[in-house]
Amino acid sequence: MHIRLINPNTTASMTAKIGEAALRVAAAGTRTSACNPLAGPVSIESHFDEAISAVGVLEEIRRGEKENIDAYIIACFGDPGLLAARELTRAPVIGIAEAAFHLATLISTRFSIVTTLGRTCIIAEHLLQSYGFAHHCRRVRAAEVPVLDLEDDGACALERIIEECRRARDEDGVGAIVLGCGGMADLTEQIRDAVGLPIVEGVTAAVKLAESLVGLGLRTSKHGDLAFPRPKQFTGRFDYLSA
Ligand code: 5HY
């Protein structure tokens with residue numbers, strides 16, 4: 001099976017890191033490849049960034065459909081464009097936030113999330129509500145680390161994330177912590193060793209869920225709201241989408 005990881009921001013070093021994390025956990029026989037749109041925000045830290053990045057995600061799904069991809073992973077913790085992406089393909093499409101929530105509730109009764117900037121906490125809270133996990137999550141916390149600091153070893157991002165995870169461990173009464181950014185995909189072991197709680201990371205969680213779905217022959221339903229979009233004309237710079 002071939003799993004395609006889409007980093008919705010345009011920072012190639014973060015895409016490479018996401019690809020390496022997937023390779024580390026993929027089963028023998030699972031091929032993984034990672035990409036990012038050429039156009040879009042270098043990091044996603046607001047509703048605006050997310051809205052723009054969703055177009056890039058959809059263009060990468062359309063590209064993947066010409067390459068016979070078996071499953072897609074949207075490797076940004078806001079799961080930008082997830083439902084729209086599912087309309088474009090029969091292959092499973094998994095968002096890293098949704099994947100992490102599912103696995104966290106299998107190993108803990110309550111979990112907290114540690115994400116990057118405080119202003120993005122609401123995005124995670126909206127996902128918890130729409131996915132039906134709000135009652136499992138005690139708190140969405142922010143380490144106040146800009147996303148691109150995760151690409152800069154000198155920025156002490158890891159230390160600040162560990163500090164916030166320790167606060168979650170000591171104050172929230174939770175059994176596990178979910179990491180709230182695709183750019184944290186290489187930090188799981190270091191954080192787990194420093195905090196002493198199970199740490200759920202979305203990129204690797206999504207890879208294992210994708211393997212399970214493809215292995216079971218479960219694909220995105222085309223019955224109902226996730227059916228292929230009705231062919232129509234698109235105007236202006238979106239006219240290439242016309243069918
Ligand atoms: C992410 N932003 O996973 C989100 C994290 C966040 O560029 N990749 C990004 O802060 O919402």
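Two strands pair if DSSP finds at least two bridges between them. Strands here are DSSP runs of E with at least two residues, helices are runs of H or I with at least four, and both are numbered from the N terminus. The model is a predicted one, so local features need pLDDT of at least 70 and side-chain atom pairs count only at pLDDT 80 or more, while totals for chains, interfaces and linings use all residues. Residues are numbered from 1 along each chain as its sequence is written, and side-chain values use heavy atoms, with hydrogens and water left out.

Start with the overall picture. The chain's secondary structure comes to 8 helices and 8 strands. Its radius of gyration is 17 Å, close to the 18 Å that the globule rule gives for 243 residues, so the chain is as compact as a globular protein of that length. That radius is taken over C-alpha atoms, and the globule rule is 2.2 Å times the number of residues to the power 0.38. Along the principal axes, the C-alpha atoms fill a box of roughly 55 × 35 × 35 Å. Of the 243 residues, 53% count as buried; buried means under 20% relative accessible area, exposed means over 50%, and partly exposed lies in between, with a 1.4 Å probe and protein chains only.

Right-handed means that, with the strands pointing away from the viewer, the path from the first strand over the helix to the second runs clockwise.

Strand β3 (residues 71-74) is covered on both faces too: A71 and I73 are buried on one side, and Y72 and I74 on the other. Strand β1 (residues 2-6) runs parallel to β3 and is joined to it by 4 bridges, with R4 standing opposite Y72. Strand β4 (residues 93-95) also pairs with β3 in the parallel sense, over 3 bridges, and the bridge partner of I74 in β4 is G95. The chain goes from β3 through helix α3 (residues 82-87) to β4, in a right-handed β-α-β crossover.

Two loop residues stand out in their backbone angles. Most residues other than glycine have a negative phi, and most peptide bonds are trans. N68, in the loop between α2 and β3, has a positive phi of about 60° although it is not a glycine. D79, in the loop between β3 and α3, is not a glycine either, and has a positive phi of about 45°. N68 counts as exposed at 66% relative accessibility, whereas D79 is buried, with a relative accessible area of 4%.

On a 1 Å grid over the protein atoms alone, a cavity is a set of points where a 1.4 Å probe fits but cannot get out, and a pocket is an open set with protein on both sides within 12 Å along at least five of seven lines; lining residues have an atom within 4 Å of a point. Grid points are joined across faces, edges and corners, and a volume is the space filled by probe spheres set on the points. The count comes to 1 cavity of 30 Å³ or more, and the largest cavity has a volume of about 210 Å³. Its lining has 20 residues, with I44, C76, F77, G78 and G180 nearest the centre.

The largest pocket has a volume of about 410 Å³. It is lined by 17 residues, and R62, L88, P229, F234 and L241 are the closest to its centre. Helix α2 (47-64) gives the most to this lining, with 4 residues.
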